[in-house]
Amino acid sequence: MTIISTQPIAGQKPGTSGLRKKTPIFMGEHYLENFVQAIFDVVGAAGKTFVLGGDGRYFNDTAAQIILRMAAANGAARVIIGQGAILSTPAASHLIRLNKTDGGIIMSASHNPGGPTEDFGVKFNISNGGPAPESVTEAMYKRTTDISEYHILETADIDLGKIGRTSVGDMIVDVVDPVANYATLMESLFDFPAIAALFKGGFRMRMDSMCAVTGPYAVEILEKRLGAASGTCVNATPLPDFGGMHPDPNPTWAKALMDEMFGANSPDFGAASDGDGDRNMVVGAGAYVSPSDSLAVLAANAHLAPGYAAGLKGIARSMPTSAAADRVAVSLGIESYETPTGWKFFGNLLDAGRATICGEESFGTGSDHVREKDGLWAILLWLNILAVRKQSVAAILAEHWAKFGRNYYSRHDFEAIASNKADAMMAALRGSLATLPGQTLEGLTVQAADDFAYTDPVDGSISKAQGVRILFEDGSRIVLRLSGTGTEGATLRLYLERYAAGPEGLDLDPQDALAPVIRAAHTLAKIENYTGRVTPDVIT
Ligand code: G16
(Lines give C-alpha, C1' and ligand atoms only; values in the text may rest on other atoms or scores of the structure.)
Protein backbone atom coordinates (compact mmCIF):
# COMPACT_ATOMS: atom_id res chain seq x y z
CA MET A 1 0.00 0.00 0.00
CA THR A 2 1.28 3.43 -0.86
CA ILE A 3 0.51 6.53 1.15
CA ILE A 4 0.50 9.62 -1.03
CA SER A 5 0.88 13.07 0.49
CA THR A 6 -1.74 15.51 -0.67
CA GLN A 7 -3.23 18.87 0.19
CA PRO A 8 -6.82 20.02 0.45
CA ILE A 9 -8.33 21.17 -2.85
CA ALA A 10 -10.88 23.94 -2.49
CA GLY A 11 -14.50 23.44 -3.45
CA GLN A 12 -15.02 19.71 -2.95
CA LYS A 13 -18.46 20.30 -1.49
CA PRO A 14 -21.11 17.79 -2.55
CA GLY A 15 -24.26 19.40 -3.93
CA THR A 16 -27.82 18.08 -4.19
CA SER A 17 -26.48 14.76 -5.40
CA GLY A 18 -22.77 14.23 -4.77
CA LEU A 19 -19.72 16.09 -6.04
CA ARG A 20 -20.07 17.29 -9.64
CA LYS A 21 -17.41 19.20 -11.56
CA LYS A 22 -16.05 19.59 -15.04
CA THR A 23 -14.26 16.41 -16.07
CA PRO A 24 -10.80 18.05 -16.41
CA ILE A 25 -11.11 19.18 -12.80
CA PHE A 26 -11.91 15.64 -11.69
CA MET A 27 -8.95 14.38 -13.74
CA GLY A 28 -6.64 16.93 -12.10
CA GLU A 29 -3.88 15.84 -9.75
CA HIS A 30 -5.25 14.20 -6.57
CA TYR A 31 -8.76 15.55 -7.19
CA LEU A 32 -10.66 12.27 -7.42
CA GLU A 33 -8.31 10.64 -4.93
CA ASN A 34 -8.83 13.32 -2.27
CA PHE A 35 -12.59 13.04 -2.47
CA VAL A 36 -12.62 9.25 -2.46
CA GLN A 37 -10.26 9.19 0.54
CA ALA A 38 -12.59 11.64 2.30
CA ILE A 39 -15.46 9.20 1.66
CA PHE A 40 -13.51 6.28 3.11
CA ASP A 41 -12.27 8.35 6.05
CA VAL A 42 -15.86 9.26 6.95
CA VAL A 43 -17.63 5.94 6.36
CA GLY A 44 -14.70 3.61 7.08
CA ALA A 45 -13.55 0.97 4.61
CA ALA A 46 -11.80 -1.73 6.65
CA GLY A 47 -13.52 -5.08 6.22
CA LYS A 48 -16.44 -3.53 4.34
CA THR A 49 -18.20 -4.35 1.09
CA PHE A 50 -19.17 -1.70 -1.43
CA VAL A 51 -20.92 -1.52 -4.79
CA LEU A 52 -19.20 0.48 -7.55
CA GLY A 53 -20.48 1.56 -10.94
CA GLY A 54 -21.21 4.51 -13.12
CA ASP A 55 -23.08 5.76 -16.14
CA GLY A 56 -20.24 5.10 -18.58
CA ARG A 57 -19.37 8.71 -19.21
CA TYR A 58 -15.84 9.78 -20.14
CA PHE A 59 -13.31 8.96 -17.33
CA ASN A 60 -15.75 6.38 -15.81
CA ASP A 61 -13.42 3.45 -16.55
CA THR A 62 -10.23 5.14 -15.32
CA ALA A 63 -11.94 6.45 -12.19
CA ALA A 64 -13.26 2.94 -11.43
CA GLN A 65 -9.73 1.49 -11.45
CA ILE A 66 -8.48 4.26 -9.14
CA ILE A 67 -11.40 3.77 -6.73
CA LEU A 68 -10.81 -0.01 -6.67
CA ARG A 69 -7.13 0.47 -5.84
CA MET A 70 -8.02 2.96 -3.11
CA ALA A 71 -10.73 0.71 -1.65
CA ALA A 72 -8.21 -2.13 -1.45
CA ALA A 73 -5.58 0.12 0.13
CA ASN A 74 -8.12 1.31 2.68
CA GLY A 75 -8.82 -2.28 3.69
CA ALA A 76 -12.17 -2.96 2.01
CA ALA A 77 -13.02 -6.67 1.89
CA ARG A 78 -15.00 -6.75 -1.33
CA VAL A 79 -16.32 -4.57 -4.14
CA ILE A 80 -19.20 -5.56 -6.40
CA ILE A 81 -18.84 -3.73 -9.70
CA GLY A 82 -20.95 -3.71 -12.86
CA GLN A 83 -19.28 -5.17 -15.96
CA GLY A 84 -17.38 -2.41 -17.73
CA ALA A 85 -17.81 -0.32 -14.54
CA ILE A 86 -21.39 0.30 -15.67
CA LEU A 87 -24.39 0.52 -13.34
CA SER A 88 -27.41 2.72 -13.59
CA THR A 89 -28.06 4.61 -10.36
CA PRO A 90 -31.21 2.59 -9.52
CA ALA A 91 -29.43 -0.68 -10.37
CA ALA A 92 -26.58 0.33 -8.03
CA SER A 93 -29.11 1.10 -5.31
CA HIS A 94 -30.67 -2.32 -5.83
CA LEU A 95 -27.31 -4.13 -5.68
CA ILE A 96 -26.43 -2.37 -2.42
CA ARG A 97 -29.70 -3.60 -0.90
CA LEU A 98 -29.70 -7.06 -2.47
CA ASN A 99 -26.18 -7.82 -1.24
CA LYS A 100 -26.60 -5.95 2.06
CA THR A 101 -23.39 -4.06 1.41
CA ASP A 102 -22.06 -1.15 3.42
CA GLY A 103 -22.85 1.31 0.66
CA GLY A 104 -21.71 2.15 -2.81
CA ILE A 105 -19.92 4.70 -4.95
CA ILE A 106 -21.68 5.91 -8.09
CA MET A 107 -19.71 7.70 -10.78
CA SER A 108 -22.07 10.02 -12.60
CA ALA A 109 -23.02 13.61 -13.17
CA SER A 110 -26.54 12.42 -13.85
CA HIS A 111 -28.32 14.43 -16.52
CA ASN A 112 -25.34 16.72 -17.16
CA PRO A 113 -23.49 16.21 -20.48
CA GLY A 114 -20.39 14.00 -20.46
CA GLY A 115 -17.08 14.07 -22.29
CA PRO A 116 -13.53 15.40 -21.92
CA THR A 117 -14.74 18.96 -21.42
CA GLU A 118 -18.14 18.24 -19.89
CA ASP A 119 -19.13 16.95 -16.45
CA PHE A 120 -18.16 14.13 -14.11
CA GLY A 121 -19.33 13.28 -10.62
CA VAL A 122 -19.00 10.95 -7.66
CA LYS A 123 -21.53 10.23 -4.98
CA PHE A 124 -21.78 7.88 -2.06
CA ASN A 125 -24.88 5.87 -1.22
CA ILE A 126 -25.36 4.40 2.23
CA SER A 127 -26.35 0.86 3.16
CA ASN A 128 -30.07 1.46 2.61
CA GLY A 129 -29.18 2.06 -1.06
CA GLY A 130 -29.97 5.76 -0.96
CA PRO A 131 -27.86 8.92 -1.28
CA ALA A 132 -25.89 9.79 1.83
CA PRO A 133 -27.78 12.25 4.03
CA GLU A 134 -26.55 15.81 4.54
CA SER A 135 -24.81 14.97 7.84
CA VAL A 136 -22.61 12.45 6.00
CA THR A 137 -21.89 14.59 2.92
CA GLU A 138 -21.04 17.53 5.20
CA ALA A 139 -18.56 15.34 7.08
CA MET A 140 -17.00 14.28 3.76
CA TYR A 141 -16.67 17.90 2.70
CA LYS A 142 -15.10 18.79 6.03
CA ARG A 143 -12.61 15.97 5.59
CA THR A 144 -11.59 17.32 2.17
CA THR A 145 -10.61 20.57 3.86
CA ASP A 146 -7.98 19.00 6.11
CA ILE A 147 -6.88 15.95 4.15
CA SER A 148 -3.13 15.32 4.04
CA GLU A 149 -2.77 11.85 2.53
CA TYR A 150 -4.56 9.14 0.63
CA HIS A 151 -4.03 5.42 0.35
CA ILE A 152 -3.72 3.54 -2.92
CA LEU A 153 -2.33 0.22 -4.12
CA GLU A 154 0.15 0.30 -6.94
CA THR A 155 -1.24 -2.47 -9.12
CA ALA A 156 -2.14 -2.92 -12.75
CA ASP A 157 -5.70 -2.28 -13.96
CA ILE A 158 -7.97 -5.29 -13.69
CA ASP A 159 -10.19 -6.56 -16.50
CA LEU A 160 -13.64 -5.17 -15.83
CA GLY A 161 -14.98 -6.54 -19.10
CA LYS A 162 -15.19 -10.08 -17.82
CA ILE A 163 -17.94 -11.21 -15.43
CA GLY A 164 -16.59 -13.18 -12.49
CA ARG A 165 -14.47 -12.96 -9.36
CA THR A 166 -11.03 -11.40 -9.31
CA SER A 167 -9.05 -9.38 -6.80
CA VAL A 168 -7.10 -6.21 -6.19
CA GLY A 169 -4.52 -6.89 -3.50
CA ASP A 170 -6.41 -8.72 -0.75
CA MET A 171 -9.75 -7.27 -1.80
CA ILE A 172 -12.26 -9.44 -3.67
CA VAL A 173 -13.74 -7.84 -6.79
CA ASP A 174 -16.95 -9.35 -8.16
CA VAL A 175 -17.68 -8.15 -11.70
CA VAL A 176 -21.42 -8.65 -12.24
CA ASP A 177 -23.92 -8.31 -15.06
CA PRO A 178 -25.23 -4.76 -14.56
CA VAL A 179 -28.70 -5.54 -15.94
CA ALA A 180 -29.79 -9.02 -14.78
CA ASN A 181 -30.66 -8.40 -11.12
CA TYR A 182 -32.40 -5.14 -11.93
CA ALA A 183 -34.48 -6.71 -14.69
CA THR A 184 -35.55 -9.48 -12.31
CA LEU A 185 -36.59 -6.88 -9.74
CA MET A 186 -38.75 -5.14 -12.34
CA GLU A 187 -40.31 -8.46 -13.28
CA SER A 188 -41.28 -8.98 -9.64
CA LEU A 189 -43.13 -5.65 -9.47
CA PHE A 190 -45.01 -5.43 -12.75
CA ASP A 191 -47.43 -7.54 -14.74
CA PHE A 192 -45.02 -8.54 -17.50
CA PRO A 193 -47.53 -10.88 -19.21
CA ALA A 194 -50.08 -8.04 -19.46
CA ILE A 195 -47.47 -5.63 -20.86
CA ALA A 196 -46.22 -8.29 -23.27
CA ALA A 197 -49.80 -8.81 -24.46
CA LEU A 198 -50.11 -5.06 -25.01
CA PHE A 199 -47.04 -5.08 -27.27
CA LYS A 200 -48.25 -8.21 -29.01
CA GLY A 201 -51.49 -6.41 -29.81
CA GLY A 202 -49.60 -3.82 -31.84
CA PHE A 203 -48.94 -1.15 -29.18
CA ARG A 204 -46.00 0.93 -30.33
CA MET A 205 -43.43 2.57 -28.11
CA ARG A 206 -40.33 4.68 -28.53
CA MET A 207 -37.77 4.50 -25.72
CA ASP A 208 -34.98 7.06 -26.02
CA SER A 209 -32.02 6.25 -23.77
CA MET A 210 -30.16 9.34 -25.00
CA CYS A 211 -26.92 7.33 -25.57
CA ALA A 212 -26.69 6.93 -21.82
CA VAL A 213 -26.77 4.12 -19.32
CA THR A 214 -30.32 2.77 -19.65
CA GLY A 215 -29.79 1.49 -23.20
CA PRO A 216 -28.83 -2.09 -22.23
CA TYR A 217 -31.49 -2.16 -19.51
CA ALA A 218 -34.20 -0.95 -21.88
CA VAL A 219 -33.27 -3.40 -24.64
CA GLU A 220 -33.21 -6.34 -22.21
CA ILE A 221 -36.50 -5.47 -20.51
CA LEU A 222 -38.61 -3.91 -23.26
CA GLU A 223 -37.44 -5.72 -26.37
CA LYS A 224 -36.18 -9.04 -25.01
CA ARG A 225 -38.40 -9.78 -21.99
CA LEU A 226 -41.56 -7.89 -23.00
CA GLY A 227 -41.41 -8.43 -26.74
CA ALA A 228 -41.57 -4.82 -27.88
CA ALA A 229 -40.65 -4.54 -31.55
CA SER A 230 -36.98 -4.43 -32.29
CA GLY A 231 -36.01 -0.78 -32.75
CA THR A 232 -38.36 0.35 -29.96
CA CYS A 233 -35.25 1.40 -28.05
CA VAL A 234 -33.25 4.16 -29.72
CA ASN A 235 -29.94 5.77 -28.73
CA ALA A 236 -29.51 2.57 -26.75
CA THR A 237 -25.72 2.24 -26.79
CA PRO A 238 -24.09 4.12 -23.90
CA LEU A 239 -21.32 6.37 -25.21
CA PRO A 240 -18.64 8.23 -23.20
CA ASP A 241 -19.90 11.57 -24.53
CA PHE A 242 -23.54 10.47 -24.83
CA GLY A 243 -23.14 10.97 -28.55
CA GLY A 244 -23.02 14.70 -27.92
CA MET A 245 -26.51 14.60 -26.44
CA HIS A 246 -27.50 16.39 -23.26
CA PRO A 247 -28.98 13.35 -21.51
CA ASP A 248 -31.69 15.21 -19.63
CA PRO A 249 -35.10 13.77 -20.46
CA ASN A 250 -37.23 16.86 -20.85
CA PRO A 251 -39.05 18.41 -23.81
CA THR A 252 -36.06 20.63 -24.62
CA TRP A 253 -33.31 18.03 -24.62
CA ALA A 254 -35.39 15.06 -25.77
CA LYS A 255 -36.71 17.10 -28.68
CA ALA A 256 -36.47 14.32 -31.26
CA LEU A 257 -38.75 12.16 -29.12
CA MET A 258 -41.19 15.02 -28.58
CA ASP A 259 -41.30 15.74 -32.31
CA GLU A 260 -42.04 12.11 -33.02
CA MET A 261 -44.75 11.87 -30.37
CA PHE A 262 -46.45 15.02 -31.62
CA GLY A 263 -46.02 14.13 -35.30
CA ALA A 264 -48.20 12.14 -37.68
CA ASN A 265 -48.43 8.38 -37.08
CA SER A 266 -46.71 8.70 -33.73
CA PRO A 267 -46.14 5.69 -31.45
CA ASP A 268 -48.65 5.16 -28.63
CA PHE A 269 -46.14 5.82 -25.89
CA GLY A 270 -42.78 7.54 -25.65
CA ALA A 271 -40.24 7.66 -22.87
CA ALA A 272 -36.73 8.91 -22.22
CA SER A 273 -34.25 8.56 -19.41
CA ASP A 274 -31.15 10.44 -18.32
CA GLY A 275 -27.40 9.88 -18.04
CA ASP A 276 -27.52 7.54 -15.04
CA GLY A 277 -31.03 6.19 -15.53
CA ASP A 278 -32.80 7.65 -12.53
CA ARG A 279 -34.86 10.29 -14.35
CA ASN A 280 -37.69 9.73 -16.80
CA MET A 281 -39.97 11.60 -19.13
CA VAL A 282 -43.16 9.99 -20.43
CA VAL A 283 -45.26 11.23 -23.31
CA GLY A 284 -48.33 9.86 -25.05
CA ALA A 285 -49.35 10.39 -28.64
CA GLY A 286 -49.75 14.19 -28.66
CA ALA A 287 -49.81 14.26 -24.86
CA TYR A 288 -46.86 15.39 -22.75
CA VAL A 289 -47.05 14.28 -19.11
CA SER A 290 -45.49 16.73 -16.68
CA PRO A 291 -43.45 15.01 -13.95
CA SER A 292 -45.79 16.31 -11.24
CA ASP A 293 -48.81 14.90 -13.07
CA SER A 294 -46.94 11.67 -13.72
CA LEU A 295 -46.38 11.22 -9.98
CA ALA A 296 -50.07 11.83 -9.30
CA VAL A 297 -51.28 9.45 -12.03
CA LEU A 298 -48.83 6.74 -10.97
CA ALA A 299 -49.91 7.05 -7.34
CA ALA A 300 -53.61 6.95 -8.25
CA ASN A 301 -53.15 3.82 -10.40
CA ALA A 302 -50.26 1.97 -8.73
CA HIS A 303 -52.60 -0.68 -7.30
CA LEU A 304 -53.00 -1.96 -10.88
CA ALA A 305 -49.44 -3.32 -10.73
CA PRO A 306 -48.83 -6.53 -8.73
CA GLY A 307 -46.06 -4.98 -6.63
CA TYR A 308 -48.43 -2.31 -5.33
CA ALA A 309 -51.71 -4.25 -5.28
CA ALA A 310 -51.91 -3.89 -1.50
CA GLY A 311 -52.06 -0.10 -1.85
CA LEU A 312 -49.70 2.68 -0.89
CA LYS A 313 -48.57 3.62 2.61
CA GLY A 314 -48.00 7.25 1.74
CA ILE A 315 -46.88 9.59 -1.03
CA ALA A 316 -43.90 11.93 -0.76
CA ARG A 317 -42.99 14.77 -3.10
CA SER A 318 -40.35 17.47 -3.07
CA MET A 319 -41.56 20.92 -2.11
CA PRO A 320 -41.30 22.46 -5.62
CA THR A 321 -43.30 19.56 -7.10
CA SER A 322 -46.96 20.40 -7.68
CA ALA A 323 -49.65 19.48 -5.18
CA ALA A 324 -51.36 17.14 -7.66
CA ALA A 325 -50.08 14.09 -5.75
CA ASP A 326 -51.40 15.49 -2.45
CA ARG A 327 -54.92 15.37 -3.89
CA VAL A 328 -54.46 11.70 -4.70
CA ALA A 329 -53.21 11.03 -1.16
CA VAL A 330 -56.31 12.70 0.28
CA SER A 331 -58.59 10.62 -1.92
CA LEU A 332 -56.74 7.42 -0.96
CA GLY A 333 -56.84 8.39 2.72
CA ILE A 334 -53.05 8.12 3.09
CA GLU A 335 -50.35 10.51 4.31
CA SER A 336 -48.55 12.89 1.99
CA TYR A 337 -45.14 14.43 2.70
CA GLU A 338 -43.40 17.54 1.35
CA THR A 339 -39.61 17.32 1.48
CA PRO A 340 -36.72 19.50 0.28
CA THR A 341 -35.34 18.92 -3.22
CA GLY A 342 -33.04 15.90 -3.34
CA TRP A 343 -33.87 12.20 -3.30
CA LYS A 344 -31.93 11.71 -0.06
CA PHE A 345 -34.80 13.33 1.82
CA PHE A 346 -37.14 10.45 0.90
CA GLY A 347 -34.83 7.82 2.39
CA ASN A 348 -36.09 7.94 5.98
CA LEU A 349 -39.75 7.97 4.90
CA LEU A 350 -39.18 4.91 2.71
CA ASP A 351 -37.15 3.09 5.36
CA ALA A 352 -39.78 3.79 8.01
CA GLY A 353 -42.55 2.48 5.76
CA ARG A 354 -44.32 5.84 5.77
CA ALA A 355 -44.15 6.43 2.00
CA THR A 356 -44.33 3.93 -0.86
CA ILE A 357 -44.13 6.27 -3.86
CA CYS A 358 -42.04 9.43 -4.18
CA GLY A 359 -41.57 11.97 -6.91
CA GLU A 360 -40.03 15.23 -7.95
CA GLU A 361 -40.77 17.82 -10.59
CA SER A 362 -37.24 17.25 -11.93
CA PHE A 363 -38.36 14.12 -13.82
CA GLY A 364 -37.80 11.77 -10.91
CA THR A 365 -40.21 9.12 -9.69
CA GLY A 366 -39.62 6.02 -7.65
CA SER A 367 -40.80 3.77 -4.88
CA ASP A 368 -39.63 1.72 -1.93
CA HIS A 369 -38.20 -0.98 -4.24
CA VAL A 370 -34.87 0.91 -4.18
CA ARG A 371 -33.71 4.15 -2.53
CA GLU A 372 -33.17 6.18 -5.69
CA LYS A 373 -35.50 7.54 -8.27
CA ASP A 374 -35.84 5.07 -11.09
CA GLY A 375 -36.49 6.01 -14.70
CA LEU A 376 -37.30 2.59 -16.13
CA TRP A 377 -39.42 1.73 -13.10
CA ALA A 378 -41.66 4.73 -13.82
CA ILE A 379 -41.84 3.84 -17.49
CA LEU A 380 -42.80 0.25 -16.66
CA LEU A 381 -45.44 1.34 -14.16
CA TRP A 382 -46.95 3.54 -16.87
CA LEU A 383 -46.88 0.58 -19.27
CA ASN A 384 -48.54 -1.63 -16.65
CA ILE A 385 -51.29 0.95 -16.16
CA LEU A 386 -51.78 1.35 -19.92
CA ALA A 387 -51.96 -2.43 -20.30
CA VAL A 388 -54.66 -2.76 -17.63
CA ARG A 389 -56.73 0.34 -18.42
CA LYS A 390 -56.47 -0.07 -22.18
CA GLN A 391 -56.75 3.68 -22.67
CA SER A 392 -54.42 6.22 -24.25
CA VAL A 393 -52.11 8.40 -22.15
CA ALA A 394 -54.22 11.44 -23.14
CA ALA A 395 -57.44 9.77 -21.98
CA ILE A 396 -55.89 8.75 -18.66
CA LEU A 397 -54.66 12.31 -18.07
CA ALA A 398 -58.04 13.82 -18.98
CA GLU A 399 -59.87 11.47 -16.60
CA HIS A 400 -57.37 12.24 -13.86
CA TRP A 401 -57.89 16.00 -14.19
CA ALA A 402 -61.67 15.61 -14.39
CA LYS A 403 -61.58 13.78 -11.07
CA PHE A 404 -58.94 15.73 -9.16
CA GLY A 405 -58.73 19.09 -10.96
CA ARG A 406 -55.54 20.16 -12.69
CA ASN A 407 -52.44 21.68 -11.14
CA TYR A 408 -51.03 23.63 -14.06
CA TYR A 409 -47.32 23.56 -13.60
CA SER A 410 -44.09 24.69 -15.20
CA ARG A 411 -40.45 25.20 -14.30
CA HIS A 412 -38.40 27.99 -15.88
CA ASP A 413 -34.61 27.65 -15.69
CA PHE A 414 -32.19 30.54 -16.08
CA GLU A 415 -28.78 28.95 -16.55
CA ALA A 416 -25.17 30.04 -16.10
CA ILE A 417 -25.99 33.24 -14.23
CA ALA A 418 -23.07 34.85 -12.41
CA SER A 419 -23.23 33.34 -8.92
CA ASN A 420 -22.93 36.67 -7.14
CA LYS A 421 -25.94 38.04 -9.03
CA ALA A 422 -28.06 34.98 -8.31
CA ASP A 423 -27.07 35.06 -4.65
CA ALA A 424 -27.89 38.78 -4.40
CA MET A 425 -31.31 38.19 -5.95
CA MET A 426 -32.15 35.36 -3.55
CA ALA A 427 -30.86 37.35 -0.57
CA ALA A 428 -33.02 40.34 -1.49
CA LEU A 429 -36.03 38.11 -2.00
CA ARG A 430 -35.48 36.38 1.33
CA GLY A 431 -35.15 39.79 2.97
CA SER A 432 -38.49 40.91 1.55
CA LEU A 433 -40.56 37.88 2.54
CA ALA A 434 -42.16 39.47 5.60
CA THR A 435 -43.47 42.37 3.51
CA LEU A 436 -45.14 40.25 0.83
CA PRO A 437 -48.36 38.94 2.45
CA GLY A 438 -51.29 41.14 1.43
CA GLN A 439 -49.59 42.53 -1.71
CA THR A 440 -51.57 42.11 -4.93
CA LEU A 441 -49.88 41.61 -8.29
CA GLU A 442 -51.47 40.58 -11.57
CA GLY A 443 -54.74 40.10 -9.68
CA LEU A 444 -53.07 37.63 -7.32
CA THR A 445 -52.88 38.42 -3.60
CA VAL A 446 -50.01 36.98 -1.58
CA GLN A 447 -51.27 34.88 1.30
CA ALA A 448 -47.97 33.65 2.73
CA ALA A 449 -44.26 33.71 1.91
CA ASP A 450 -41.43 31.79 3.53
CA ASP A 451 -38.10 30.06 3.06
CA PHE A 452 -38.86 26.34 3.19
CA ALA A 453 -37.46 24.51 6.20
CA TYR A 454 -37.97 20.81 6.79
CA THR A 455 -37.95 18.74 9.92
CA ASP A 456 -37.51 15.09 9.05
CA PRO A 457 -40.47 13.30 10.68
CA VAL A 458 -38.36 10.20 11.31
CA ASP A 459 -35.08 11.45 12.75
CA GLY A 460 -35.94 15.06 13.55
CA SER A 461 -33.05 16.51 11.51
CA ILE A 462 -33.68 20.04 10.27
CA SER A 463 -32.81 21.43 6.82
CA LYS A 464 -33.22 25.15 6.37
CA ALA A 465 -33.22 27.59 3.43
CA GLN A 466 -34.51 25.04 0.93
CA GLY A 467 -36.26 27.51 -1.36
CA VAL A 468 -38.51 30.55 -1.27
CA ARG A 469 -42.25 29.83 -1.45
CA ILE A 470 -44.84 32.45 -2.25
CA LEU A 471 -48.41 31.26 -1.91
CA PHE A 472 -51.34 33.24 -3.29
CA GLU A 473 -54.90 33.34 -1.98
CA ASP A 474 -56.28 31.44 -5.00
CA GLY A 475 -53.85 28.57 -4.34
CA SER A 476 -51.35 29.62 -7.02
CA ARG A 477 -47.73 29.29 -5.98
CA ILE A 478 -44.28 30.50 -6.95
CA VAL A 479 -41.09 28.80 -5.74
CA LEU A 480 -37.55 30.00 -6.36
CA ARG A 481 -34.32 28.20 -5.56
CA LEU A 482 -30.83 27.87 -6.95
CA SER A 483 -29.88 24.52 -8.45
CA GLY A 484 -27.52 22.29 -6.50
CA THR A 485 -26.40 20.22 -9.48
CA GLY A 486 -24.97 22.68 -12.00
CA THR A 487 -21.26 23.09 -12.66
CA GLU A 488 -21.24 26.52 -14.31
CA GLY A 489 -22.21 29.66 -12.41
CA ALA A 490 -25.68 29.49 -10.88
CA THR A 491 -28.95 28.17 -12.27
CA LEU A 492 -32.10 29.85 -11.05
CA ARG A 493 -35.11 27.58 -10.97
CA LEU A 494 -38.49 29.27 -10.98
CA TYR A 495 -41.38 26.89 -10.28
CA LEU A 496 -44.91 28.00 -11.17
CA GLU A 497 -48.22 26.44 -10.22
CA ARG A 498 -51.89 27.23 -10.51
CA TYR A 499 -54.87 25.05 -9.70
CA ALA A 500 -57.97 24.71 -11.86
CA ALA A 501 -60.79 22.75 -10.23
CA GLY A 502 -62.64 22.13 -13.51
CA PRO A 503 -64.85 21.04 -15.13
CA GLU A 504 -64.05 24.02 -17.40
CA GLY A 505 -60.54 25.19 -18.23
CA LEU A 506 -58.72 21.90 -17.87
CA ASP A 507 -57.16 21.83 -21.32
CA LEU A 508 -55.25 25.09 -21.54
CA ASP A 509 -51.63 25.39 -22.57
CA PRO A 510 -49.73 25.48 -19.24
CA GLN A 511 -47.76 28.62 -20.20
CA ASP A 512 -51.02 30.43 -20.99
CA ALA A 513 -52.72 29.20 -17.84
CA LEU A 514 -49.72 30.33 -15.78
CA ALA A 515 -49.16 33.71 -17.51
CA PRO A 516 -50.24 35.92 -14.55
CA VAL A 517 -48.23 33.79 -12.11
CA ILE A 518 -45.15 34.10 -14.35
CA ARG A 519 -45.50 37.89 -14.53
CA ALA A 520 -45.99 38.13 -10.75
CA ALA A 521 -42.84 36.04 -10.20
CA HIS A 522 -40.70 38.32 -12.38
CA THR A 523 -41.99 41.41 -10.59
CA LEU A 524 -41.59 40.01 -7.09
CA ALA A 525 -38.12 38.54 -7.54
CA LYS A 526 -36.85 41.33 -9.85
CA ILE A 527 -35.24 38.66 -11.99
CA GLU A 528 -34.30 41.02 -14.81
CA ASN A 529 -32.86 43.66 -12.47
CA TYR A 530 -30.53 41.18 -10.83
CA THR A 531 -29.67 38.80 -13.64
CA GLY A 532 -30.40 40.69 -16.84
CA ARG A 533 -32.53 37.71 -17.92
CA VAL A 534 -36.13 37.83 -19.04
CA THR A 535 -36.45 34.61 -20.99
CA PRO A 536 -35.65 31.23 -19.46
CA ASP A 537 -33.15 28.90 -21.13
CA VAL A 538 -35.23 25.80 -20.49
CA ILE A 539 -38.96 25.47 -19.87
CA THR A 540 -40.30 22.16 -18.56
C1 G16 B 1 -30.56 15.45 -8.20
C2 G16 B 1 -31.29 14.78 -7.10
C3 G16 B 1 -32.76 15.00 -7.26
C4 G16 B 1 -33.07 16.48 -7.33
C5 G16 B 1 -32.22 17.14 -8.38
C6 G16 B 1 -32.37 18.62 -8.22
O7 G16 B 1 -30.97 14.85 -9.40
O8 G16 B 1 -31.02 13.39 -7.10
O9 G16 B 1 -33.43 14.39 -6.21
O10 G16 B 1 -34.40 16.71 -7.65
O11 G16 B 1 -30.87 16.81 -8.18
O12 G16 B 1 -31.49 19.26 -9.00
P13 G16 B 1 -31.26 20.81 -8.83
O14 G16 B 1 -30.65 21.03 -7.47
O15 G16 B 1 -30.37 21.14 -9.96
O16 G16 B 1 -32.60 21.46 -8.94
P17 G16 B 1 -29.96 14.05 -10.30
O18 G16 B 1 -30.81 13.38 -11.33
O19 G16 B 1 -29.06 15.13 -10.85
O20 G16 B 1 -29.25 13.11 -9.38
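Okay, let's start at the ligand: one of its oxygen atoms is 2.6 Å from an N or O atom in the side chain of S483. Before I go on, keep in mind that this is a predicted model.

So who else is around the ligand? There are 18 residues surrounding it, and the closest are E360, R481, S483, T485 and R493. Take E360 from that group: an N or O atom in its side chain is 2.5 Å from an oxygen atom of the ligand. For R493, the distance from a side-chain N or O atom to a ligand oxygen is 2.6 Å. If you've got the structure open, find E360, S483 and R493 and look at their side chains next to the ligand.

Right, let's move on to the helices. I'd like to tell this part from the point of view of α6, which covers residues 180-189. I'll take its partners one by one.

Partner one is α13, residues 375-389. The two axes come within 11 Å and cross at roughly 30 degrees. Angles under 35 degrees count as roughly parallel, so α6 is roughly parallel to α13. The crossing is right-handed. Which residues make the contact? From α6 we have Y182, M186 and L189, and from α13 we have L376, W377 and L380. Sort them by class and you get six nonpolar residues, no polar ones and no charged ones.

Partner two is α8, residues 214-225. Here the axes of α6 and α8 come within 10 Å, and the crossing angle is roughly 50 degrees. That is why we call α6 and α8 oblique to each other. This crossing is right-handed too, as α6 passes α8. On the α6 side, the contact uses A180, Y182, A183, T184, M186 and E187, and these meet Y217, E220, I221 and R225 of α8.

Where is the cis peptide bond I want you to see? Look from G502 to P503, where omega is near 5 degrees. P503 sits in the loop between β26, residues 490-500, and α16, residues 510-513.

The other spot is N265. Its phi is near 55 degrees, a positive value in a residue that isn't glycine. You'll find N265 in the loop that runs between α9, residues 255-261, and β12, residues 269-273.

Notes: Residues numbered from 1 in each chain as written. Predicted model: local features only at pLDDT ≥ 70, side-chain atom pairs only at ≥ 80, totals over all residues. Heavy atoms only, no water. Axes fitted to C-alpha atoms, helices over the stretch in contact; angles between N-to-C directions. Helix = DSSP H or I, 4+ residues; strand = E, 2+ residues; numbered from the N terminus. Parallel < 35°, antiparallel > 145°, perpendicular 65-115°, else oblique. Left-handed = near helix turned anticlockwise from the far one by under 90°. Contact = heavy atoms within 4.5 Å. Nonpolar A, V, L, I, M, F, W, Y, C, P; charged D, E, K, R; others polar. Near = heavy atom within 4 Å. Polar contact = N/O pair within 3.5 Å; in protein donor to acceptor, adjacent residues only side chain to side chain.
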